[in-house]
Amino acid sequence: MLFSQNSGKNQTMRRSSDAQKILVAIDIGSSMIRLIAGEVLDDGQVKVLFYRETKSAGISNGAVSDLAALSNRLSTLVQVFESEFGVNLSHCILGIAGRHIESKNASGAATVQNKIVSLYDRDKAIENARSVRLTDGHHIIHVIPQFYTVENTSDITNPIGLSAMRLDVKVHIISCSRDQENNFRSAIAKISPNVLIDHVVYNGIAASDAVLTEGEKEIGVGLIDFGGGTVNVTVYDRKRMVFSFGLERGGFEITRRIATYFALPLSVAEQLKNEYGVAFPRMLSPEDKKRRFKITLNNSEEGEECIVSKLELADLIYQGLEDIFYSIRDRIESLSRKNGMVLSLGAGFVLTGGMAKTKGIEELAAYRLAPDSNSVVKVKIGKARGVTGFKEEPIGPDKSVCVGMLRFGKSVMNERNYETERAEQTGVKSVFGKIKDWFSREL
């Protein structure tokens, strides 16, 4: 169960749905920490039963910088959750940012036991694909099949039941830093040692599950989850996840540029960016280009004032966004060459995350993510699909990761139920079961 009963409290959650079906996810970002609980229906619709967010503490560029501060902030969220729903949190799903992950494409193969590909043969091929060299201190959190090959036939999505002597599989492997994952686990454990983390999910996968359609994945699409401390990038082509990576940069880098240029506290610079920022200086009206703000610095004993030009503010944001989009474009081009791929991103790019709220950001991205200066690519703002229960309508792009984590949790539960039934029927422990055993031993 995801919850244990705390008698004498509000029974809202148990009335709303069977507690066995409720999932809880915690999204620890550099700007905000979010706790979401809900039910994912069989058709993928997400019914949100609880949502709260608070400003982050103890997090810098997606990494834990102060364990005590982070735990205190998490504890406040969990206390509100437990008080409102009358349950004690016992399980959750946890996200991890792209700066802590590495990915690679790998291959695996298995000899087909009875000349007809079975579940065992498929799982064995995937398990063999896991035998790749990882960066020291990393361990695998996702193994995502791209396609299968039997004899001379490739691009197979489901090999079960096909005649073959040998089964080959191409997979996308995502690993993460064990130290950073353990730091997040420690922050949760300080709240209560009884809270178990069911799975750690790469934020890029969670965001993709929330906003991308199967049609977009089929014709090719790049998902950019643009947060405060990190940027998570996930690229699909022909429904396959082909690349995933993170940048140790984000909206805070732009905030720091503003703060440094105008000699402002970071909190004031962040407020200016969010309230008055635009992606292009040319988006400003002639009047706005002349407009200046007079800001009194509260931390100054003399009440020192600072004059901020809206045009200069827009130019600083423009420069910061441009640098990050160029970095993403160059990284995708480099990975494409390295893997001998010619990508066809028919759906272009989808932007999500807190920075996707910046006015005009999709127009700037359309030019700066293009492979050359004479072209543009399709860009749109992605928002979580099929969600009910949020007070905020429409749901902002900053909620994409936490909604996607619930959908991911549903798939984990389905896989776990499937593996349990299969083990009971066949007595064979699959790859998923072995991975679960490995986690139990290692963590």
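Modeller: Asp-323 and Arg-257 form a salt bridge in which the closest N and O atoms are 2.5 Å apart (the term means a side-chain nitrogen of Lys or Arg within 4 Å of a carboxyl oxygen of Asp or Glu). Distant parts of the chain are linked by this pair, with Asp-323 in helix H10 (residues 310-338) and Arg-257 in helix H7, 66 residues apart; helices (H or I, at least four residues) and strands (E, at least two) are DSSP runs numbered from the N terminus. The model is predicted, with local features needing pLDDT of at least 70 and side-chain atom pairs pLDDT 80 or more, while totals for chains, interfaces and linings use all residues. Residues are numbered from 1 along each chain as its sequence is written, and side-chain values use heavy atoms, without hydrogens and water.

Both partners of this pair are partly exposed, Asp-323 at 28% relative accessibility and Arg-257 at 25% (under 20% is buried, over 50% exposed and in between partly exposed, with a 1.4 Å probe and protein chains only).

Lys-410 forms one with Asp-42, the closest N and O atoms being 3.6 Å apart. Lys-410 belongs to helix H12 (residues 400-426) and Asp-42 to the loop between strand E3 (32-40) and strand E4 (46-55), so that the two are 368 residues apart. Lys-410, at 19% relative accessibility, counts as buried, whereas Asp-42, at 77%, counts as exposed. Elsewhere, Asp-27, Arg-34, Glu-53, Lys-357, Asp-398 and Lys-399 are linked in a network of salt bridges.

Arg-99 itself is partly exposed, with a relative accessible area of 27%.

Strand E16 (residues 240-247) is mostly covered, since eight of its eight residues are buried. The side chain of Ser-244 is joined to that of His-172 by a polar contact of 2.7 Å (a pair of N or O atoms within 3.5 Å; within protein, one must be able to donate a hydrogen and the other to accept it, and residues adjacent in sequence count only if both atoms are side-chain atoms). Leaving aside residues up to four places away in sequence, Ser-244 touches Ile-101, Ser-103, His-172, Ile-174, Tyr-202, Val-233 and Thr-234, where contact means heavy atoms within 4.5 Å.

One of these neighbours, Thr-234, has Ser-244 as its bridge partner in E16. Strand E15 (residues 231-237) and E16 pair in the antiparallel sense over seven bridges (pairing requires at least two DSSP bridges). The two strands form a hairpin with two residues between them, and in the turn Arg-238 has a positive phi of about 55°.

Two further neighbours of Ser-244, Ser-103 and Ile-174, are joined to each other in another pairing, where Ile-174 in E12 is the bridge partner of Ser-103. E9 and strand E12 (residues 166-177) pair in the antiparallel sense over 11 bridges. They belong to an open sheet of four strands, in the order E9-E12-E10-E11 and with antiparallel pairing. Strand E9 (101-111) and strand E11 (153-156) are its edge strands, each pairing on one side only.

Helix H3 (residues 119-129) lies across E9, strand E10 (138-150) and E12, running at about 135° to E9; axes are lines fitted to C-alpha atoms, for helices over the stretch in contact, and angles run from 0 to 180 degrees between N-to-C directions. Helix H4 (residues 178-191) also packs on the sheet, where it touches E10 and E12, and its direction makes about 60° with that of E12.

Two loops complete the picture. Lys-115, in the loop between E9 and H3, has a positive phi of about 65° although it is not a glycine, and is exposed, with a relative accessible area of 53%. Glu-151, in the loop between E10 and E11, has a positive phi near 50° and is partly exposed at 49%.
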